[in-house]
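Take a look at the model below. We will go from the overall fold down to single residues.

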Amino acid sequence: MTESVRQTDEPVAEQPGPVDATRIERRHLLVIGVLLVASFVVILNETVMTIAIPVLQTELGVQPSVGQWLTTAFMLTMAVVIPLTGYLIQRVPTRTLFVLAMSLFSAGTLIAFGAPGFGVLLFARIVQASGTAIMLPLLMTTIMTLVPPARRGAMMGNISIVIAVAPALGPTVSGFILDHFGWRWIFGFVAPIALATLVLGARLVIPVAETSASRIDLLSVPLAVLGFGGLVYGLVGIGESAEADSAVPVWAPFLVGAVAMAAFVARQIRLQREDRALLDLRVFGSRQFTVAVVAMLLAMATMMGTFIIVPYFAQTVLLFDPLQTGLLTLPGGLLMGLAGPIVGRIYDVRGPRVLVVPGALLISLGVWMLTTVSTGTSLWWLVLSNMALCLGLAATFTPLMTSGLGSIDAHLYSHGSAVVGTFQQVAGAAGTALFVTVMTVVAAGSGHPAESPEAIVDGVRSVFLVAGVLSFVLIAACLFVRKPADAQVVSH
């Protein structure tokens, strides 16, 4: 591994790599620290709008189906941009890519803060998402490149804080700000942090790998946009059509997405022979990477679907205000943050299975607890179920990402990170669509008025019965997770 790191750092390193295979250089720790802070700030914005949307619909005078586009457009943009990041990370210097990502996010945040109406706010969310999409694959690739295999678990534990804690804390932050300051300050408080991170990163971030000068394949870009965008739009459209009639037939975006995706895959298989693929699919040649991605898909779908349904249930059935609803996720988010680094260190010593199987069982426990909700459910029952879910997610995300990415060749790290990020967006959209559709359909056929608390309770119970079944599949997938042998990691 030492030799591999020296090779990737040759453009910027002044001294040979350290002899100690477990040592991380101080300048590399600074780079990772800046990327962690930046990623936390940008990922937080993915769920920060969950509670704010009803408020925005009232203040901006838009229908619920229109207001949902503040979240839908964000997810769509992420799904479209993330597949491009594997190529960008290999072709654009690290500092340049970081500055681009944080500049886009900061610009979108400032535009949103001053938005005069819904249209400008929607545009701002798209600009925000363009920067957000770059950050997480950049962070994962940087850690896999700079951190020795013996320390990766602990370091990837910090990523779990970004990938899971930030979305969990989003509703809490949003609820507090809405209760005290108003919706604009969701963006107003984030803007100075984003700008400070941009300035700091522009000074501290260094190149971490050699870049290639090969040209981008122009045909792959629109195919990726139509393929991934079509699938995510179709998944989101399922949930929206379950609530109201949609102007676009549900099958149309799926058809466009499927055709474009087939063409995209065929194109990448051809281009990867020349190392020119926009998204190199050779990462799936590793069985361990494939198993890890499948397990992450199931965990991410459960997490995002739950984070959408539980706040909805709390506000519409239990009549919680935005701050109370946001506080539901706070204990679980804090628990996840505390557990992340500990989980990483256990991974380094014991491997993934001792973590992922108990983690999957905790996720299953959390969702099965939610099958018992009623109009009289207490706040503490929701908090406890969320804590079980979050602790389970903390125990699964870090080992899955570390073992999956650690099982592929070093020159494919950026593409592996892009695949993980893309599939997480698709899984989030799929989980949200599945859960919203089940809830809406069951509520409509419950025998009660569709908007009544009794009907919503029936729908929510059914949602978590489905989630419970998915959790059993996750448990089964986790039984096949293994830690990559060091030989697999260092013999590139």
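**From fold to residues**

The protein has 20 helices and zero strands. Both are DSSP runs, numbered from the N terminus: helices are H or I with at least four residues, strands are E with at least two. This is a predicted model, where local features need pLDDT of at least 70, side-chain atom pairs count only at pLDDT 80 or more, and totals for chains, interfaces and linings use all residues. Residues are numbered from 1 along each chain as its sequence is written, and side-chain values use heavy atoms, with hydrogens and water left out.

How much of the protein is buried? Of its 492 residues, 58% count as buried. Buried means under 20% relative accessible area, exposed means over 50%, and partly exposed lies in between (1.4 Å probe, protein chains only). The protein exposes about 18700 Å². Carbon and sulfur atoms supply 68% of that area.

Now the contacts (heavy atoms within 4.5 Å). Take those between residues at least 6 apart in sequence: 83% join residues at least 24 apart.

Next, the charged pairs. A salt bridge is a side-chain nitrogen of Lys or Arg within 4 Å of a carboxyl oxygen of Asp or Glu. By this rule there is one salt bridge. Asp-280 forms a salt bridge with Arg-282, and their closest N and O atoms are 2.6 Å apart. Asp-280 is buried, at 3% relative accessible area. Arg-282 is partly exposed, at 33%.

Last, a backbone detail. Leu-319 sits in the loop between helix H13 (287-316) and helix H14 (322-327). Its phi is near 60°, a positive value in a residue other than glycine. Leu-319 is exposed, with a relative accessible area of 66%.

Terms used. Areas by Shrake-Rupley, 256 points an atom, 1.4 Å probe, with all protein chains shown as cover.
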